[in-house]
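Let's take a walk through this one together. Have a look at the sequence and the model first, and then we'll start from a pair of strands.

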2 protein chains.
Amino acid sequence: MDQTFSPLSPSPRLLLGPGPSQIAPRVLRACATPLLGYLDAEYLRMMDDVQTLLRMVMGTKNDWTMCVPGTGMAGMEAALVNVVEPGDQVLVCVAGAFGERMVDLATRMGGVVSRVDAEWGTMVQPEQVKEALKTLRPKVVCIVNAETSTGVLQPLAEIGKLAHEAGALFLVDCVTSLGGMPVNMDAMGVDVLYSGTQKCLGAPPSLAPISFSPAAVEVYRSRKTVVPSFYLDAGQIWRYWGPERGYHQTGMVNMLYALREALVMISEEGLEARFARHRQNQKALVAGAEAMGLELAVKDPALRLPSLTTILIPEGVDDATVRRNLINQYGIEIGSGMGKFAGKAWRVGLMGYASQRANVMLLLAALGDLLKNERVDEGLAAASAAYAAA
Amino acid sequence: MDQTFSPLSPSPRLLLGPGPSQIAPRVLRACATPLLGYLDAEYLRMMDDVQTLLRMVMGTKNDWTMCVPGTGMAGMEAALVNVVEPGDQVLVCVAGAFGERMVDLATRMGGVVSRVDAEWGTMVQPEQVKEALKTLRPKVVCIVNAETSTGVLQPLAEIGKLAHEAGALFLVDCVTSLGGMPVNMDAMGVDVLYSGTQKCLGAPPSLAPISFSPAAVEVYRSRKTVVPSFYLDAGQIWRYWGPERGYHQTGMVNMLYALREALVMISEEGLEARFARHRQNQKALVAGAEAMGLELAVKDPALRLPSLTTILIPEGVDDATVRRNLINQYGIEIGSGMGKFAGKAWRVGLMGYASQRANVMLLLAALGDLLKNERVDEGLAAASAAYAAA
């Protein structure tokens, strides 16, 4: 053809947005490893490794622990479509864009959806769920553990207990939490948990880890209707991941290599150390930002995610200009606000490999420069002090 | 955790099965390129490149040309679910496992499915479709262009014409044809075409290129019901691939890099040269196999795919033992038979980068060795003669 195409040579980026996150060199190298066939005995053993490691990171003993062949959004749809049949009651806790997305998806698949709402930047209170369950008998109660649109950490234990007391499954979105903070699936009574590879797990976007409790598998097995999707049918995906090793789709070989490598890195670092690192870097970022006079969108410190911080855009500052200059002058990507926070907040991700002291200090310095902030020295000192206090 | 995990170091493989196919080194390297954000201006330009190149390979001017974020199977489901609503009549031409899969999927989504069947190893005759259309008024006529389960090439032109005369959309699976033989979407009157990256396109398994004709887009826009899937909703995916550049899912950055690189390689090679290469190597393989006394499952030479050859397993030969020895002693993967051909045929893929003379000659020699075939010298000579005759 007449058109020519430039060599693949993207500009260097430091990815401090809501995902994809920065990828460790050894995980990138794993992506380029020559392929095995997707039914090769060596490949199947790697799938076993991934299952073992996912159970460790999720905190579960569930048999049905696997990867949906798609991004986190495929994980959300797979989680819902396997346990929700047309006409089923579904209760969704909504405190941001991904709670809203759950409502959309459950509605598309014919669920009769009720919702409990919380203000953006806050969490859903267990009392709200308790109140709703006085009149509803949902089959599933859904919630987002780490709202990527708001930066809020939603505790799970109490709401999970209420769901079970009402005879419902407890379905939780852990896209922005898994690998960056404890999720403790079994201890929290979570029946369906899904995530994505491209955030705190530190692998490229591609796969959606998912796990179903025995109760959720039973709900799946007792369906009156066939799952309307073949691609996202958990029983079909399990045919491949489970002992049958049957064909469902052609495994995403390179992406599984990368996920396995990222999970091995997690096991080497240790969960406790990894979670502490995420928390430490977020605390330093928050200390620095606040010392520079920047305000956070999540007012309650206890509700702030270790992996994602929402910073309110200061009065008079042009959102797009700052983000463009961050990219062009520093190669740093941060996220724009989403939904109700569009134009009002920035989303700063410190996820997986990106959660590093150097990145925190550089971002504070860069924001200080671009915002012509006069207290950048105080910001850097406060962040540094946060590390010293650790 | 107590368990340790071995370094990622898979045994070398020559992938001559039904996919994934062998990946060129420069495409593998593209997989390991550091990530851009999925809304980075540089990344969006790469998506534009991929669209341009896909239109070239597909032979289409369709606006709605994009990638479903999943494997070829996600492409099949996306193709159907966007144009089939519950209660819609669907006519599926079935001559192998992937035609059967289309029946399953269209049924799951509530389609009223009729079928036209052909024996495995043969093609569906236009007369059969003509006959069926005397009594049916389907919204969509579906067919597989290259049946990966049988190795049969299904011509499209006449059946496409019949579909249009009946007022139906023409939906075609090009998973094993795109990039290895002409598909000429617009000229053949195809309204919905999907494929996978992991076969003749020469990229890793991950994405499903798809294209919708203006008529198909109109059918999508005129739906009475919302698409029951969000992840596979073409309008939502187009929000990201089209001018809006809205968020639908986190783009599979590394896999798009790889697909772009593989497509650039196709544009550099040229379609005609690439198709001739696929045909040439398949002819040599067939000449060699037949000279060794092996029989092909597809009797009519005109119906044999350039990308996939089905070889009948000789009487008295143990299928699994031969394939295991091919892997263990030669590092060569070929495919087992599928469906009605399970245990009866092997599937040999010469797709994309794997379609090379050295691979053909090595496979013939290896099969000769493992089958203790006394005519391997004749086989190699026949293959060599096929190259000399080109």
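**From a strand pair to the interface**

In chain B, strand 3 (residues 89–94) and strand 5 (residues 140–144) run parallel to each other and pair over three bridges. Keep in mind as you look that this is a predicted model.

Which order do the seven strands of the open sheet in chain B take? Reading across, it goes 2-10-9-8-5-3-4, and the pairing is mixed. At the edges you'll find strand 2 (64–68) and strand 4 (112–117) of chain B, each of which pairs on one side only. Ignoring direction, neighbouring strands of this sheet are turned by 20° against each other on average.

Next, bring in a helix. Helix 4 (residues 97–108) of chain B lies across strand 3, strand 4, strand 5 and strand 8 (169–173) of that chain. Against strand 3 of chain B, this helix runs at about 165°.

Finally, look at where the two chains meet. Here 63 residues of chain A are in contact with 63 residues of chain B. On the chain A side, the elements giving two or more residues are helix 1 (25–31), helix 2 (41–58), helix 3 (72–81), helix 4 (97–108) and helix 9 (253–269) of chain A. Helix 9 of chain A provides the largest share of that side, with eight residues. And what is the side of chain A that touches chain B made of, by class? It has 33 nonpolar, 19 polar and 11 charged residues.

Note on methods:
Residues numbered from 1 in each chain as written. Chains lettered and ligands numbered in written order. Predicted model: local features only at pLDDT ≥ 70, side-chain atom pairs only at ≥ 80, totals over all residues. Pairing = 2+ DSSP bridges. Helix = DSSP H or I, 4+ residues; strand = E, 2+ residues; numbered from the N terminus. Axes fitted to C-alpha atoms, helices over the stretch in contact; angles between N-to-C directions. Contact = placed C-beta atoms within 7 Å. Nonpolar A, V, L, I, M, F, W, Y, C, P; charged D, E, K, R; others polar.
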